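This report covers pockets and backbone angles. The structure comes first.

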Amino acid sequence: STNSSALESFKLSRLNYLLAALPSDAWLIFSDVDELMSYPCDALAQLAASEKRRSHDAMCGFMHGRLAADFTIPPVVARTPIQQQFPLCPKESLRGYKPKAPIHANPLKITLIKARINGHAPAYLNAHKACAGALLIGGTPQANNHCLFNGHFSHYTWTSEAHDLGTRRIADKEYTDVYVQSARLSVPCNASDAASSLRCLAPRWRGKLAGDRDLPCPDGCNWTACALAPADSPPGPPPAVVRLPAERPIAEKSSRCTLGDGFWMPAS
């Protein structure tokens with residue numbers, strides 16, 4: 001079977017070619033299928049007005065894991081809004097760099113980025129960080145992120161589909177620590193049936209999170225509300241078809257970034 005590490009590498013390399021092909025005034029949302037990012041209706045105006053140094057060209061946010069009400073790790077079902085299937089938002093995210101976080105992993109993501117920054121097409125180094133010329137964007141919560149923070153967004157990672165993918169990635173030796181830590185938080189719901197396909201969050205974490213049932217979750221996607229606001233405005237033109245450029249040496253695109261082992265890396 002195809003190694004998932006190779007697929008991740010291919011995804012990032014193609015993403016960076018796409019970014020290089022976008023018009024200079026375009027904006028990109030790079031989101032995994034389990035990340036439902038949301039934005040204020042005036043997101044671009046907030047970026048333009050930001051007083052934070054070098055934070056006019058990107059937004060960042062923190063992943064916030066959503067859980068099923070009974071702490072099971074079920075499959076996602078069709079026709080029921082996913083927010084209803086996973087209504088719980090723990091007070092403390094299960095993923096982060098705090099000492100007691102059960103999953104010691106980076107919770108920060110770039111949620112919106114401009115296609116040209118200081119004349120450079122940004123290039124993703126990994127899912128959390130990009131570079132544009134000499135400027136690094138995103139990274140870890142403790143770094144100088146060069147982005148405007150927009151709170152938390154819903155991360156639907158406690159599903160059986162995500163669990164199965166994590167199991168496969170452990171077998172592929174990809175990001176082993178993160179996925180091993182996640183796997184340790186799930187147990188068969190029926191302790192007497194280890195072969196049961198239905199899994200639950202481990203009991204010790206169920207107890208810690210039981211008091212978080214009434215906490216508000218991040219807002220869902222609000223682009224619909226934004227689109228409905230100017231009801232009398234004519235619809236905009238359809239999006240242009242973006243043709244990817246022919247692949248060429250990465251050095252031609254940026255003097256500060258090079259492609260190594262399928263990922264964008266800072267040039268030494």
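What volume does the second largest pocket have? About 500 Å³.

## Model and conventions

This is a predicted model, in which local features need pLDDT of at least 70, side-chain atom pairs count only at pLDDT 80 or more, and totals for chains, interfaces and linings use all residues. Residues are numbered from 1 along each chain as its sequence is written, and side-chain values use heavy atoms, without hydrogens and water.

## Pockets

A pocket is an open set of points on a 1 Å grid over the protein atoms alone, where a 1.4 Å probe fits, with protein on both sides within 12 Å along at least five of seven lines; lining residues have an atom within 4 Å of a point. Volume is the space filled by probe spheres set on the points.

The largest pocket holds about 1100 Å³. Its lining has 44 residues. Asp34, His155, Thr157, Arg169 and Tyr179 lie nearest its centre. α4 gives the largest share of this lining, eight residues.

The second largest pocket is lined by 22 residues. Nearest its centre are Glu92, Ser93, Arg95, Lys98 and Ala101.

## Positive phi

Most residues other than glycine have a negative phi. Arginine 79 has a phi near 75°, a positive value.

Histidine 146 counts as buried (under 20%) because its relative accessibility is 12%.

Notes
Buried means under 20% relative accessible area, exposed over 50%, partly exposed in between (1.4 Å probe, protein chains only). Helices (H or I, at least four residues) and strands (E, at least two) are DSSP runs, numbered from the N terminus.
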